[in-house]
Amino acid sequence: MRPETASAVGDETVLSFGPFRIEEAKRLWRSDQEVKIRLRPLALLRYLAERPQRVVPKEELFKQLW
């Protein structure tokens, strides 16, 4: 998975990949439909999507996200 676009609008960053986009680091959308997801899994998804083509060790994930 590779991020197709990452843009900033004001203080808000939007990360898009495939039909998905993450807004405000708080909301996940698939096209025009919001996907309900808790904040910690969303943070993990965003962290991984920002690092395409890279294996992220679990130690790094724990250090950065927990």
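## Helix H2 and its cover

H1 is part of what covers the buried residues of helix H2. This is a predicted model. H2 spans residues 58-65, and its buried residues are Glu 60, Leu 61 and Leu 65. A general rule of helix geometry applies here: an α-helix has 3.6 residues a turn, so residues three or four places apart point the same way.

The face of H2 turned away from the buried side looks quite unlike this in its exposure. Glu 59 and Lys 63 sit there, and both are exposed.

## The chain as a whole

The chain has two helices and five strands. Their order along the sequence is β-β-β-β-β-α-α. The chain has 66 residues, and 24% of them count as buried. Its accessible surface is about 5000 Å², with 52% belonging to carbon and sulfur atoms.

Contacts can also be sorted by separation in sequence. Among those with a separation of 6 or more, 21% link residues 24 or more positions apart.

## The nonpolar core

Which residues make up the largest nonpolar core? There are six: Leu 15, Phe 17, Ile 22, Leu 28, Leu 42 and Ala 49. Strand E2 (12-17) and helix H1 (39-49) each give two or more residues to this core. In soluble globular proteins, nonpolar side chains tend to be buried together.

## A buried arginine

Arg 46 belongs to helix H1. Is Arg 46 buried or exposed? Its relative accessibility is 12%, so Arg 46 counts as buried. Beyond four places in sequence, Arg 46 touches Thr 13, Leu 15, Ile 22 and Ala 25.

## Aromatic rings

The whole structure holds two aromatic pairs. In one, Phe 17 and Phe 20 have ring centres 5.9 Å apart and planes at 25°, so the pair is stacked. Phe 17 is buried, at 6% relative accessibility, whereas Phe 20 is partly exposed, at 26%. The other pair, Phe 62 and Trp 66, is tilted, with 5.4 Å centre to centre and 55° between the planes. Phe 62 has a relative accessible area of 49%, so it is partly exposed.

One more ring has a charged neighbour. Arg 51 lies over the face of Tyr 47, 3.5 Å from the ring centre.

How values were computed: Residues are numbered from 1 along each chain as its sequence is written. This is a predicted model: local features need pLDDT of at least 70, side-chain atom pairs count only at pLDDT 80 or more; totals for chains, interfaces and linings use all residues. Side-chain values use heavy atoms; hydrogens and water are left out. Helices (H or I, at least four residues) and strands (E, at least two) are DSSP runs, numbered from the N terminus. Buried means under 20% relative accessible area, exposed over 50%, partly exposed in between (1.4 Å probe, protein chains only). Contact means heavy atoms within 4.5 Å. Accessible areas come from the Shrake-Rupley method with a 1.4 Å probe; for residues, only the protein chains shown count as cover. A nonpolar core is a set of buried Ala, Val, Leu, Ile, Met, Phe, Trp, Tyr and Cys residues joined through side-chain atoms within 4.5 Å. Rings of Phe, Tyr and Trp (its six-membered ring) pair if their centres lie within 6.5 Å; planes under 30 degrees apart count as stacked, over 60 as edge-to-face and the rest as tilted. A charge sits over a ring if NZ of Lys or CZ of Arg is within 6 Å of the ring centre and within 35 degrees of the ring normal.
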